[in-house]
Structure formats: structure tokens, C-alpha cells
Amino acid sequence: MKCLMTVLAASLAFAAFAQGPDGAAKGDRRGATPSLEPIVQMVRNPKMVEKLGFTEEQVTKLKAIGDSRAALKELQAKVRQGSERQAELLKAEKIDEAAVMAAVDEVWNAKKEIAKIQTKRVIAVRSILSPEQVRQALETFRSTRGKRGAKGAKAKKPAKVES
């Protein structure tokens, strides 16, 4: 019985790990709206703002969206803590079903709040920027991310070996 509970706890922990912060399985992006988080982060770079032609008003509004990130981090911590509590409760010799179910509810309520905040952020970005600005910003992000990845992939010159 103890082994079964350990397996169940591990399964729950794995399921929580395999999901992203929005509750979707990692890598499963079918029908998902692309993340606009890079746009929110780009406004901190004046060169990017100039390149993308954002107005001062757009920058101010996008920075305000970025400032709401603390609430997301707090909820994500709640999800982790609740998942850990579930696993601990399921490891007990005598399982308190009510406590386990309360922990499950806590995790799913936090995930629901995360989804709402993320959706509100997407709606806000899309209401601040034109569709063309969103497209251009995402393309710029993808191209600059690819360049950074290529730089990081360069191998270091081997150290000279003295004979």
C-alpha cells in the first residue's frame, strides 16, 4: 500500500512538472495563442522601442503590464507549494482525503488565476499595439533570439597545448 501511494505521489508530481504555468502540457501548443511576453520585455530596451516604432504611450502601457509579473510569480509559487503538499499528504501512512482534496483545489484555483492573468496580459498587449506591430515585434524577437543562440553555440578556441 505504501508503495502504491509513493507511485501515486510521484505521478502527481510528474504531472505537475509536465505542465507549463498555463496548465497545458509542455510542447503542446495546438490552438494556443503565442506568448506576447517577449513584447512586454522588449520595451525595456530603448533601441528595440525605436526600431519597432512604439509610441511613448504604448511603452508606458506595456511597462505597466510587465509590472504585473509579480502576481504571476506568486501564484506559480503557490502551485509549486500546493503540489508539494499534495505529494507529502499522499505519502502519509493514513491519508487525510479532505486535506489532499483541499490541496488539489488550491493548486487548480491558482492555475486558473494564472490563466486569467496571462489572458488579460495578451488582451492588453493586443489592445495597445496594432496587429502589424505585434507581428513585427514577434518576428524581431525570433530573429534576435536566433542570433543570440548562434553566438552561444560557438565553440571556444581550444587552449594551446605546449609540447
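What share of the contacts in the chain with a separation of 6 or more comes from residues 24 or more positions apart? The figure is 69%, where contact means heavy atoms within 4.5 Å. This is a predicted model, in which local features need pLDDT of at least 70 and side-chain atom pairs count only at pLDDT 80 or more, while totals for chains, interfaces and linings use all residues. Residues are numbered from 1 along each chain as its sequence is written, and side-chain values use heavy atoms, without hydrogens and water.

The chain has seven helices and zero strands. Of the 163 residues, 27% are buried, meaning under 20% relative accessible area with a 1.4 Å probe, protein chains only.

The largest nonpolar core holds 18 residues. Such a core is a set of buried Ala, Val, Leu, Ile, Met, Phe, Trp, Tyr and Cys residues joined through side-chain atoms within 4.5 Å. Ile 39, Phe 54, Leu 62, Val 125 and Leu 129 touch the most other members. H2 (37–42), H3 (46–52), H4 (56–67), H6 (97–128) and H7 (131–153) each give two or more residues to this core. A second, separate core of seven residues includes Leu 72 and Ile 114.

Leu 62 also belongs to a helix pairing. In H4, Gln 58, Lys 61, Leu 62, Ile 65 and Gly 66 meet Arg 121, Ala 124, Val 125 and Ile 128 of H6.

Terms used: Buried means under 20% relative accessible area, exposed over 50%, partly exposed in between (1.4 Å probe, protein chains only). Helices (H or I, at least four residues) and strands (E, at least two) are DSSP runs, numbered from the N terminus.
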